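Hi there,

Here is the structure I promised to pass on. Have a look at it first, and then read on for what turned up.

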Amino acid sequence: SLLLNVFGKWTSGHKKNIDEATGGARVLGVHLEGPYFAPSKRGAHSLQHIVNPDENNGVHQVYGPSLESVAIVTMAPELPGASKVIEELTTKHGIVVSMGHTDATMQQGKEGMASGATLL
């Protein structure tokens, strides 16, 4: 996962590159993994960068003010505050949410889907 203070700088600078026509392949959008992971399923991501999607680590605090270049966010749906963040990402920003790096139960996965997550 990217360091929290880097997300906003990185995502805000890539919209121009996405929109530029090159006559060939182009970037369709950024896929962000983290920092909303179950600590036990973080893989190679550093534990110090894993956070819950709460009032201190909300969408704009973590990803910055501009999400226009973001296409997909992978997160664990069972974390406290995850349903609210999934709903915000999908409805307000049109971002696809993938449930991953997760220890979710079936019920928690269903709640993630009910909040708007469409990938697993």
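What pattern does the protein chain follow when read along the sequence? The answer is α-α-β-α-β-α-β-α. Please keep in mind that this is a predicted model. In total, the secondary structure comes to five helices and three strands.

Let me begin with the sheet. The three strands form an open sheet in the order E1-E2-E3, with parallel pairing. Strand E1 (30–33) and strand E3 (96–99) stand at the edges with a single partner strand each, so one side of each has no neighbour in the sheet. From one strand to the next, the twist averages 20°.

Strand E2 (residues 70–75) pairs with E1 in the parallel sense over four bridges, and Leu-32 stands opposite Val-73 of E2. On its pairing with E3, E2 again runs in the parallel sense over four bridges, and there Val-73 stands opposite Val-97 in E3. To get from E2 to E3 the chain crosses through H4, and this β-α-β crossover is right-handed. If you want to find that helix on your screen, H4 covers residues 82–93 and lies across E2 and E3, running at about 165° to E2.

Now for the inside. As general background, nonpolar side chains in soluble globular proteins tend to be buried together. In this model, the largest nonpolar core has 21 residues. Those with the most contacts inside this core are Tyr-36, Tyr-63, Leu-67, Val-73, Met-75 and Leu-89. Two or more residues each come from E1, helix H3 (59–63), E2, H4 and E3, and H4 gives the most, with four residues.

Leaving aside residues up to four places away in sequence, Leu-67 touches Val-59, His-60, Leu-89, His-93 and Ile-95.

Finally, some totals for the whole protein chain. Buried residues make up 40% of its 120 residues. Among contacts between residues at least 6 apart in sequence, 68% join residues at least 24 apart. The accessible surface comes to about 6,700 Å², and 54% of that belongs to carbon and sulfur atoms.

Best wishes

Conventions: Residues numbered from 1 in each chain as written. Predicted model: local features only at pLDDT ≥ 70, side-chain atom pairs only at ≥ 80, totals over all residues. Heavy atoms only, no water. Buried < 20%, exposed > 50% of the residue type's maximum accessible area, 1.4 Å probe, protein only. Contact = heavy atoms within 4.5 Å. Areas by Shrake-Rupley, 256 points an atom, 1.4 Å probe, with all protein chains shown as cover. Pairing = 2+ DSSP bridges. Axes fitted to C-alpha atoms, helices over the stretch in contact; angles between N-to-C directions. Core = buried A, V, L, I, M, F, W, Y, C linked by side-chain atoms within 4.5 Å. Right-handed = clockwise from strand over helix to strand, strands pointing away.
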